[in-house]
Amino acid sequence: AIGMRLWAEEKSSGTIETLATLPMSLKAVIAGKFIASWLLILFALLLTFPIIITIFYLGSPDPGPMLSGYCMSWLMAGAFLAITCFTSALTRNQVISFVLAVIICFVFVLIGFGVFHEYLTFLPVALRDFLTGLGFIPHFQQAIRGVIDTRDVIYFSSIIVFFLILNAAVLERKNES
């Protein structure tokens, strides 16, 4: 929901033309909007810190899974945000942007579940495994156990970069027309 209005609001209010004439590149504007929104998400995650204090007060939990869970949650939120930035660039309506982003993000979450994997028996095994590997859940599983795997960090980072590149392509295409 944070990213649904990043570009849709600019288009509907007409300020996208002002952004296009600023002495900054489109990539810098995209990066600035994304980083500001991502930092807002980090702040929201940090506001849950009193829960951690309460847990440590009541017991003695392992801090590893908590720390890795927070880190990977922030990375996964960045991937969700990049997808939402892309859908916001596609339309001028915030609600349509939000619905499109929810659908795309839901697909990324859904294909990671084993149940979904079982419904794809008509596909070759290699393709099923590839699709399952694209899901967010398998890349988040290690963080729950307290492990930050570099492959998972690279996965979420590449999702972020891929959708921000798509965001730039959509905005450049619309600026040309």
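Is S97 buried or exposed? In this predicted model, S97 is buried, with a relative accessible area of 0%. Buried here means under 20% relative accessible area, so the value for S97 falls in that class.

**Around S97 and T87**

Let's start with the setting of this serine. S97 sits in helix α6, which covers residues 94-110. Beyond its neighbours within four places in sequence, S97 is in contact with M4, T84, T87, S88 and T91. One polar distance is worth a look: a polar atom of the S97 side chain lies 3.2 Å from the backbone nitrogen of S88.

T87, one of the residues that S97 contacts, belongs to helix α5. T87 is also buried, and its relative accessible area is 0%. Not counting residues up to four places away in sequence, T87 touches S97, L100, A101 and I104.

Two packed helices are described by the angle between their axes and the distance between the axes.

| Helix pair | Angle between axes | Distance between axes |
|---|---|---|
| α4 and α5 | about 170 degrees | 12 Å |
| α5 and α9 | about 160 degrees | 8 Å |

Angles over 145 degrees count as roughly antiparallel, and α4 and α5 are therefore roughly antiparallel to each other. Their contact brings F49, I52, I55 and F56 of α4 up against P63, M66 and Y70 of α5. By class, this contact has seven nonpolar, no polar and no charged residues.

The angle of about 160 degrees likewise makes α5 roughly antiparallel to α9. From α5, the contact draws on P65, S68, G69, M72, S73, M76, A79, F80 and I83, while α9 brings F136, H139, F140, A143 and I144.

**The nonpolar core**

Which residues touch the most other members of the largest nonpolar core? Among its 33 residues, they are W7, F34, F136, F156 and I160. Helices α3 (26-46), α5, α6, α9 (136-144) and α10 (150-176) each supply at least two residues of this core. The largest share, 11 residues, comes from α5.

Leaving aside its neighbours within four places in sequence, F136 is in contact with M76, A79, F80, I83, F108, V109, Y155, F156 and I159. One of these partners, F156, is also listed with F136 among the core residues that touch the most other members.

Key. Residues are numbered from 1 along each chain as its sequence is written. This is a predicted model: local features need pLDDT of at least 70, side-chain atom pairs count only at pLDDT 80 or more; totals for chains, interfaces and linings use all residues. Side-chain values use heavy atoms; hydrogens and water are left out. Axes are lines fitted to C-alpha atoms, for helices over the stretch in contact, and angles run from 0 to 180 degrees between N-to-C directions. Helices (H or I, at least four residues) and strands (E, at least two) are DSSP runs, numbered from the N terminus. Angles under 35 degrees count as roughly parallel, over 145 as roughly antiparallel, 65 to 115 as roughly perpendicular and the rest as oblique. Contact means heavy atoms within 4.5 Å. Ala, Val, Leu, Ile, Met, Phe, Trp, Tyr, Cys and Pro count as nonpolar, Asp, Glu, Lys and Arg as charged, and the others, Gly among them, as polar. Buried means under 20% relative accessible area, exposed over 50%, partly exposed in between (1.4 Å probe, protein chains only). A polar contact is a pair of N or O atoms within 3.5 Å; within protein, one must be able to donate a hydrogen and the other to accept it, and residues adjacent in sequence count only if both atoms are side-chain atoms. A nonpolar core is a set of buried Ala, Val, Leu, Ile, Met, Phe, Trp, Tyr and Cys residues joined through side-chain atoms within 4.5 Å.
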